[in-house]
Amino acid sequence: MWLTPAEWQIVRFTLAVCALSTAIILPLGLAVAWPLARHRWPGKLLVETLVTLPLVLPPVATGLLLLKLFSRRGGLGQFLHEHLGMDVVFTWRAVVAAAAVMSFPLLVRSARVGFQSVNQRLEQIARTLGASNARVFFTITLPLAARGIIAGIVLAFARAVGEFGATIVVAGNIPGKTTTLSLEIFETVQLGHDASAYRLLIVSALIAFGAVWCSEVLMKRSALR
Amino acid sequence: MKLEIQQLTLHLKQFSLEVNADLHSPRTGIFGPSGAGKTSLLESIAGLRKPETAKISLDGCLYENSEQNYSLPVRLRKIGYVPQDDSLFPHLSVRRNLLYGTNSKSEHVTFSFDHVVDFLRITPLLDRDVRSLSRGENQRIVIARALLSAPRLLLLDEPLTALDLKLKNAILEQLRFLHNEFGIPMLYVTHDHAEAIEICEEVLMLESGKITARGRPIELLA
């Protein structure tokens with residue numbers, strides 16, 4: 001194959017951390033999107049603003065916040081180090097954290113639209129048929145919101161693949177340890193290794209194409225069901 | 001059947017729905033013009049709307065008591081609700097829609113799947129896509145689904161609206177025999193004289209949220 005072993009490792013690592021970050025934010029994103037879509041509650045505006053913040057903050061600033069939070073002297077970082085012996089900053093975990101935080105708003109926004117699109121009348125009818133709230137959620141709400149949720153997953157994954165600014169601050173660019181596709185493309189361009197940069201560019205484009213293709217297929221299937 | 005509705009008040013846009021009624025007839029009609037509060041009344045009984053005040057009970061089972069701030073959850077009311085608008089779950093097949101409310105632990109023979117499906121003549125529809133059903137087919141599936149949940153009371157909210165006359169008469173005939181076949185009392189909302197006379201034993205006239213008359217349909221509406 002035309003990629004070098006080191007480039008293959010970067011591609012595998014990027015796909016793995018992006019898949020992991022998307023999997024981590026999925027339940028959390030749905031748990032945030034649902035009350036945002038359906039209920040009015042005190043503090044809703046604050047949560048909406050906080051959720052959207054990573055979209056509008058400079059990614060480097062988000063990275064700096066994550067660095068403070070996860071460093072050994074930061075609140076969460078200190079807790080993880082002392083109680084679980086786990087370091088986050090400048091490890092693969094930081095790459096996952098940066099990707100998760102940066103892609104979270106896209107997942108929430110799409111899932112929220114998905115939940116809003118569900119006809120609540122159908123949920124009421126399900127309750128008259130004896131369904132509990134949990135059953136209504138899993139058998140009616142979730143399947144009917146699937147298009148929005150799938151779109152959110154794909155957008156979040158694609159955003160994670162393209163993540164650069166926050167990652168470089170909180171995880172650095174350590175070869176074989178935290179280097180992702182975006183970081184490697186930047187690095188190869190800086191060093192004038194154009195051939196490698198273009199190879200990785202093509203891989204990035206293929207991943208993006210594949211993600212959008214999959215989402216279209218899944219959304220068509222969910223629409224046909 | 002003994003459906004008791006006491007001091008029900010519900011503020012709507014144009015007026016307040018105010019109902020006091022004890023209903024005993026197994027086939028009772030709520031008759032009135034559009035916007036009279038008929039659907040709101042049914043939704044209050046089903047628990048889909050929260051009235052400001054109300055005490056509602058069915059055969060001794062308390063559904064709502066605003067004085068005690070008590071409201072029985074919708075899923076425990078055992079109400080078969082057939083709304084006016086499309087209510088089949090579009091992502092489920094006809095068969096899975098029908099089975100949604102069935103309780104596998106229940107051994108209620110009266111509401112067996114085959115019995116309900118045969119009675120409403122919907123066997124050929126079982127493997128159809130919900131979105132390919134005509135309006136009449138759709139309503140028969142909704143009625144069957146409500147029956148299969150083994151309800152204590154069937155609430156039918158203008159189920160035959162927008163059906164052609166032939167189809168309407170065919171379903172009316174099935175609805176007329178439905179109580180005899182399954183023994184479920186029904187509350188039938190309509191603004192159509194012929195439907196009320198055909199189906200109901202007793203009719204309550206509802207106008208601007210108030211019951212203005214009550215009696216046999218042939219006497220009130222003919």
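Is B:Ser208 buried, exposed or partly exposed? Hold that thought for a moment, everyone, and thanks for coming.

First, some housekeeping. This is a predicted model, where local features need pLDDT of at least 70, side-chain atom pairs count only at pLDDT 80 or more, and totals for chains, interfaces and linings use all residues. Residues are numbered from 1 along each chain as its sequence is written, while chains are lettered from A and ligands numbered from 1 in the order in which they are written.

Back to the opening question. B:Ser208 is partly exposed, because 16 other C-beta atoms sit within 10 Å. The cut-offs are these: 20 or more other C-beta atoms within 10 Å of a residue's own make it buried, 12 or fewer make it exposed, and anything in between is partly exposed, with C-beta atoms placed from the backbone. You will find B:Ser208 in the loop between strand 10 (202-207) and strand 11 (210-215) of chain B. Its phi is positive, about 45°, although B:Ser208 is not a glycine. When I say helix or strand, I mean a DSSP run, H or I with at least four residues for helices and E with at least two for strands, numbered from the N terminus.

There is another residue of that kind, B:Asp59. B:Asp59 also is not a glycine, and has a positive phi of about 50°. B:Asp59 lies in the loop between strand 4 and strand 5 of chain B, and it counts as exposed because it has 11 C-beta neighbours inside 10 Å.

Let's follow the strands around that loop. Strand 4 (residues 53-58) and strand 5 (residues 61-65) of chain B pair in the antiparallel sense, over four bridges. Pairing here requires that DSSP finds at least two bridges between the strands. One of the bridge partners to look at is B:Glu64 in strand 5, which goes with B:Ile56. The hairpin made by strand 4 and strand 5 of chain B has two residues between the strands.

Strand 5 of chain B is also joined to strand 6 (residues 70-71) of chain B, antiparallel again, by two bridges. There, B:Asn65 stands opposite B:Tyr70 in strand 6. This hairpin has four residues between its strands, and B:Asn69 in the turn takes a positive phi of about 55°.

Now to the start of the chain. Strand 1 (residues 3-11) and strand 2 (residues 16-23) of chain B run antiparallel and share seven bridges. B:Thr9 faces B:Glu18 in strand 2, and four residues separate the two strands of this hairpin.

Zooming out, chain B has seven helices and eleven strands in total. Its radius of gyration is 17 Å, close to the 17 Å from the globule rule for 222 residues, so chain B is as compact as a globular protein of that length. For the record, that radius is taken over C-alpha atoms, and the rule is 2.2 Å times the number of residues to the power 0.38. The C-alpha trace spans about 45 × 40 × 30 Å along its principal axes, and buried residues make up 41% of the 222.

Which residues does B:Tyr81 touch, leaving aside those up to four places away in sequence? They are A:Ile125, A:Thr128, B:Ala46, B:Ala146 and B:Leu155, where a contact means C-beta atoms, placed from the backbone, within 7 Å. B:Tyr81 belongs to strand 7 (residues 79-82) of chain B, and it counts as buried because it has 28 C-beta neighbours inside 10 Å.

That brings us to the contact between the chains. It takes 15 residues from chain A and 14 residues from chain B. On the chain A side, helix 6 (120-128) and helix 7 (133-144) each supply at least two residues. Helix 6 gives the most, with seven residues.

Last stop: helix 3 (residues 59-70) of chain A. Its buried residues are A:Thr62, A:Gly63, A:Leu66, A:Leu67 and A:Phe70.

Terms used
Contact = placed C-beta atoms within 7 Å.
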